[in-house]
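Please walk through this model from its domains to its chain contacts, its sheet and its cores. The structure is shown first, and the account follows.

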Amino acid sequence: MIFVAFRMLIGDRAKYIGLLFAVAFSTFLLQNQSSIFSNLMKRAGNQIRDVTDADVWVMAPKTDYFDQTKPLQETDLLKVRGVPGVDFAVRIFKGLPIANTRSGHFAACSVLGLDDTTLVGAPRNMIQGDWRDLWKPNSVIIDKAGYLLLFPGEELRLGRELELNDKLVRVVGISDALPAFTTFPLIHARYSEALTFQGRQRQQLSFVVARPRSDVTPEELANRIERETGLKAMTTSRFQWASVSYYLKNTGIPVNFGITVVVSIIVGLVVTGQTFYLFILENLKQFGALKAIGVTNGVMLMMVLFQSLLVWFIGVGFGTALSATFFNISPFVIQLRHFILFWESAVGVAAFMLLVIGLASSAGLIRVIRLQPAEVFR
Amino acid sequence: MNAVHCHQIEKSFGTGETQVKVLRGVDFTAERGEMTFLVGPSGCGKTTLISIIAGLLGSDSGKVSLFGESLAELSARDQILFRRRHLGFVFQQYNLLPSLTAAENAAVPLLAAGMNRKAAVKKASDLLGVLGVGHRADAAPRLLSGGQQQRVALARALVHEPRLIICDEPTAALDHKSGESVMELLSSSAVHPDRAVVVVTHDNRVFHFAHRIAHMDDGIITHTETNTASTPSH
């Protein structure tokens, strides 16, 4: 009877394709929106994630997220270094100067000033150049998106010049840095040079990044630093989530995406659920005839289950393929670089669609089970 | 032993003031090797009676036995299995599955009984050949004429060789010529010494096919006549 169920399902091509489209597009919409939202939020912590050399971030007390910094004193670095369990601790400067090009283009840039000696936090994913070239005088590394913003329509080429606060620097590398939440170009420079890129303040040290010795966990070290210095210390992971959490709480983005996701869920429920439910109702007479002939409710259940699982499998498969295609194409759009389809989103949406189809088929199945086979005589 | 024996069947629908008593103590029998017609005006209870005989509907009181077996004494599952094994149906509107071919439609009772698809369709195709629609075995029902669809429905009713065939207005949707043709086929292929055929109809043009005609009115069998001039069936 599985064969009969299959033929009943695909018998009306238009309805069958409509059903698959409803499932596929609901799947695509949900996976797409939830993944874009997650990717966007993840960007709030990307600059922290990109500093792969350090496990613990130390900052001024009351700091909420990465883009909000209050300068530390130089002596704070020494205090951190003095905490037992610290393998190394180095300074990081974070500024937001204006970069100008010879052609007149300019943009506010997110500058990370790295420890002159170790270059801890230098970008490791390079498109052109070598991060070690930062040791050369007047050198910066800029991310690809920032380069394209400052040098629109021009090919990627090293040696170009930027002017920051009347200081001329040369691009020695183009990185594939993870995109930040803001769209500012991301510039890496040595600490001593980065300080000159914007007006000088009395204190300039934005963060201290540290790594624990092998016998100390990052969490333990962060606790020790907080206890012994009075500064705020977080592991890389915790700091990322704190930054993500800040944007979640203080921007309208979650509400916007939330509405889209909720609407997608409703559309998914209504369109997919109703389409499948109507499909069963339209076949009620046929199910009645089968019952009269002697098909048991158990076999009916199996038939409807088979139909729903097939629709789910093909529809979600198509939808996920569409999502995967979207996220495979998206890296070619610079604004969408590093966007991925989260497996959690793919699996979660697939499970949700299974629930929707399951509910719809259950509702239809109740009608089938309750159907009096004598109805076929009427 | 009668093929079908109904004794004092009563059936009502609704409750309280809206209750309608459809069957008021029906006594009905159908013999093996015969085609028994159940005739009467619309709303007299014919369809309700055959639904009860087929085990598709329960009666309020009375007793139904098919080939000596009381359906009421069987469990719900056994009733379904009994129906699957021993009953064949021909419906007024054919009730063919539009997405299956004629042969596949005719094979449904065999598939429901668990027969292999290929073997079931082969057997059904052979039967369609006997019924004169073998050349349309691979056609979808929508491509068949009314008469051809009813032949496919007849094949579906016969394919698993049931002992009782119940037909509900089998000629109502057909023109006179097609109706005659279907009844001839029913008479020649369905009537069998160990099988009974019960036909509900109000098409008096086909009454000559009946061996016995039970007249029904207002929920009771008013009289039964034996048709000695019935068209020979076998």
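Which domains does the domain assignment of chain A give? There are two entries: domain 1, made of residues 2-43 + 252-377, and domain 2, made of residues 46-250. What follows describes a predicted model. The predictor gives the complex an ipTM of 0.81 and a pTM of 0.75. For chain B the average pLDDT is 87, and 97% of its residues score at least 70.

The centres of the two domains of chain A, taken over C-alpha atoms, are separated by 46 Å. Where the domains meet, eight residues of domain 1 of chain A are in contact with ten residues of domain 2 of chain A. On the domain 1 side, the elements that give two or more residues are α2 (13-42) and α9 (253-282) of chain A. The residues on that side divide into four nonpolar, one polar and three charged.

Two loop residues of chain A have a backbone feature to check in the structure. A:K62, which is not a glycine, has a positive phi, near 75°. A:K62 sits in the loop between β1 (56-59) and α4 (74-81) of chain A. Is A:K62 buried or exposed? A:K62 has 8 C-beta neighbours inside 10 Å and therefore counts as exposed, since the cut-off for that class is 12 or fewer. A:H338 likewise is not a glycine and has a positive phi, of about 65°. A:H338 is found in the loop between α11 (297-329) and α12 (343-370) of chain A. Because 14 C-beta neighbours lie inside 10 Å, A:H338 counts as partly exposed.

The next step is the contact between the chains. Here 21 residues of chain A are in contact with 23 residues of chain B. On the chain A side, α1 (2-11) and α10 (284-293) are the elements that give two or more residues. The largest share, six residues, comes from α1(A). By residue class, the chain A side divides into 13 nonpolar, five polar and three charged.

How many strands form the open sheet of chain B? Four do, in the order β2-β1-β4-β5, and the pairing is antiparallel. The strands β2 and β5 (69-70) of chain B stand at the edges; each has a single partner strand, so one side of each is left without a neighbour in the sheet.

The pairings can be followed strand by strand. Strand β1 (residues 4-13) of chain B runs antiparallel to strand β4 (residues 61-66) of chain B, and five bridges join them. Within this pairing, B:C6 has B:V64 in β4(B) as its bridge partner. The pairing of β1(B) with strand β2 (residues 20-30) of chain B is also in the antiparallel sense, over eight bridges. There, B:I9 has its bridge partner, B:V26, in β2(B), and B:H5 stands opposite B:T29 in β2(B). β1(B) and β2(B) form a hairpin, with six residues between them. In the turn, B:G14 has a positive phi of about 80°.

B:L74 is placed in the loop between β5 and α2 (76-86) of chain B. With 15 other C-beta atoms within 10 Å, B:L74 is partly exposed. Leaving out residues up to four places away in sequence, B:L74 touches B:Q79 and B:F82.

The last topic is the packing of nonpolar residues. In soluble globular proteins, nonpolar side chains tend to be buried together. Which residues have the most contacts inside the largest nonpolar core? They are B:A124 and B:L128, and the core has 118 residues. Its largest share, ten residues, comes from α12(A). Apart from residues up to four places away in sequence, B:A124 touches B:A103, B:A106, B:A107, B:L110, B:A155 and B:V159. Another core lies apart from the largest one. This other core has 57 residues, among them A:W57, A:V111, A:V140 and A:L186.

Technical notes
Residues are numbered from 1 along each chain as its sequence is written. Chains are lettered from A and ligands numbered from 1 in the order in which they are written. A residue is buried if 20 or more other C-beta atoms lie within 10 Å of its own, exposed if 12 or fewer, and partly exposed in between; C-beta atoms are placed from the backbone. Domain bounds come from an automatic or database domain assignment. Two residues are in contact if their C-beta atoms, placed from the backbone, lie within 7 Å. Ala, Val, Leu, Ile, Met, Phe, Trp, Tyr, Cys and Pro count as nonpolar, Asp, Glu, Lys and Arg as charged, and the others, Gly among them, as polar. Two strands pair if DSSP finds at least two bridges between them. pLDDT is the predictor's confidence in each residue, from 0 to 100. A nonpolar core is a set of buried Ala, Val, Leu, Ile, Met, Phe, Trp, Tyr and Cys residues joined through C-beta atoms within 7 Å.
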